[in-house]
Structure formats: C-alpha cells, structure tokens
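This report describes a protein chain in plain terms. Look at the sequence and the structure first, then read on.

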Amino acid sequence: MSLMSAISRTKPKHRAVDAVVNLRDENRRLLTQLVGAHDHIAIQEQQLADERAGRAGAERVARCLAADLDERTGERDQARAEATALRTRLAPFLAAEANAHAVTVPPAERDTSRFEDQATEPIKVTTLREAFGIGPVVATQGSTDPTHLPAA
C-alpha cells in the first residue's frame, strides 16, 4: 500500500471528464425546460386566439342587439304618438258618454230626530278661575288681621 492511497482528501478531484458529464446533464435539463416552455407558449397562444374569436362573436351580437334596440325604440315612439293622437280624437266622445251616464244623487240629509244623533255644540273652554269665579290665593301666614290681607 502506498502512502498516497492512505491519505484521504476532503475535496474530490476536479476532473475534466466530470465537468463534461455535468455540462451534458445541465444541457439535457435545459433542453427539456425549453421544450416545456414552447408547449406552454403554444397553449397560451391557442387560448388567446379562442378568446379573441369569442370577443369578436360577442361584439357582432352586441351590434345586432343595438340595431334591434334602435328599431324597437323608433316603433315605440311612433306608437306613443299614435296613442296620443287617438286619445285627443276620442276625448269629446268619452266626455259626452260620461255626461250621458252620470249618476246624480240628491244631497244627503241627516235624520237628527233621535237623541244620539243630535248635533253637538262647540265646547266652551274657560279657565278654572273664570268657571268658579275665584280670585288669586294669598297666604296670610297665620294672620287673621283683615288689614293685612290684600284688597280684592
């Protein structure tokens, strides 16, 4: 046994063959990522084309609906004008018919012969002093002398 084989190294030797193998592995891995990226881009482009086609269809539908709305709005305005003209022409006939078939009733008279149906009179509102004829109350504080009391 040689002395060199007994010494162990903490770092492996840097050999060119190992570097070439590592570079080939990295190249293979990068090519795989590149193919995956191309596939992903193709899928995204297809989805974008589908969305653009859908948007174009929706815009066509919106244009057709807007044109239909304009047409219907014109028809509605024309129908309103015709209805107004017909109401104007029909108004005198409706008024004549209403006058001919009017319901007239004589004014009502209330029977007040019974006691509970008697008409009421307005309530007289007065203060208590006026109602009972009393004056202001003065405290005499125990005095019975009439000169001490205020004159009425």
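Asp77 is partly exposed, at 39% relative accessible area. Here buried means under 20% relative accessible area, exposed means over 50%, and partly exposed lies in between (1.4 Å probe, protein chains only). This is a predicted model, in which local features need pLDDT of at least 70 and side-chain atom pairs count only at pLDDT 80 or more, while totals for chains, interfaces and linings use all residues. Residues are numbered from 1 along each chain as its sequence is written, and side-chain values use heavy atoms, with hydrogens and water left out.

Asp77 pairs with Arg76 in a salt bridge, with 3.0 Å between the closest N and O atoms. A salt bridge is a side-chain nitrogen of Lys or Arg within 4 Å of a carboxyl oxygen of Asp or Glu. Arg76 has a relative accessible area of 41% and is also partly exposed. In total the structure holds 5 salt bridges; the table lists some of them.

| Salt bridge | N to O distance |
|---|---|
| Arg28 and Asp25 | 3.1 Å |
| Arg72 and Asp68 | 3.6 Å |
| Asp77 and Arg76 | 3.0 Å |

How far apart along helix H2 are Arg28 and Asp25? They are 3 residues apart, which means about one helical turn between them. Arg72 and Asp68 are 4 residues apart in helix H2, again about one helical turn. An α-helix has 3.6 residues a turn, so residues three or four places apart point the same way.

The partners can also be described by their accessibility. Arg28 is exposed, with a relative accessible area of 53%, whereas Asp25 is partly exposed at 37%. Arg72 is partly exposed at 44%, and Asp68 is partly exposed at 33%.

## The helix and its bend

The protein chain has 3 helices and 0 strands, in the order α-α-α along the sequence. Helices (H or I, at least four residues) and strands (E, at least two) are DSSP runs, numbered from the N terminus.

Does the length of H2 agree or disagree with its number of residues? At 1.5 Å a residue, its 85 residues should span 126 Å, and the end C-alpha atoms are 121 Å apart, which agrees. The expected span is 1.5 Å times one less than the number of residues.

H2 bends by about 40° at Leu90, and the proline Pro92 follows within four residues. The bend is the angle between axes fitted to the seven residues ending at a residue and the seven starting there.

## Surface and confidence

Leu90 also belongs to a nonpolar surface patch of about 320 Å², made with Phe93 and Leu94. Such patches join nonpolar side chains (Val, Leu, Ile, Met, Phe, Trp, Tyr) within 5 Å, or like charges within 9 Å, using residues with over 30% relative accessible area and no salt bridge. Leu94 lies in helix H2, residues 16–100, and is partly exposed at 49% relative accessibility.

Of the 152 residues of the protein chain, 1% count as buried. The chain exposes about 15100 Å², and carbon and sulfur atoms supply 59% of that area. Areas come from the Shrake-Rupley method with a 1.4 Å probe; for residues, only the protein chains shown count as cover.

The average pLDDT of the chain is 84, and 81% of the residues score at least 70. The pLDDT is the predictor's confidence in each residue, from 0 to 100.
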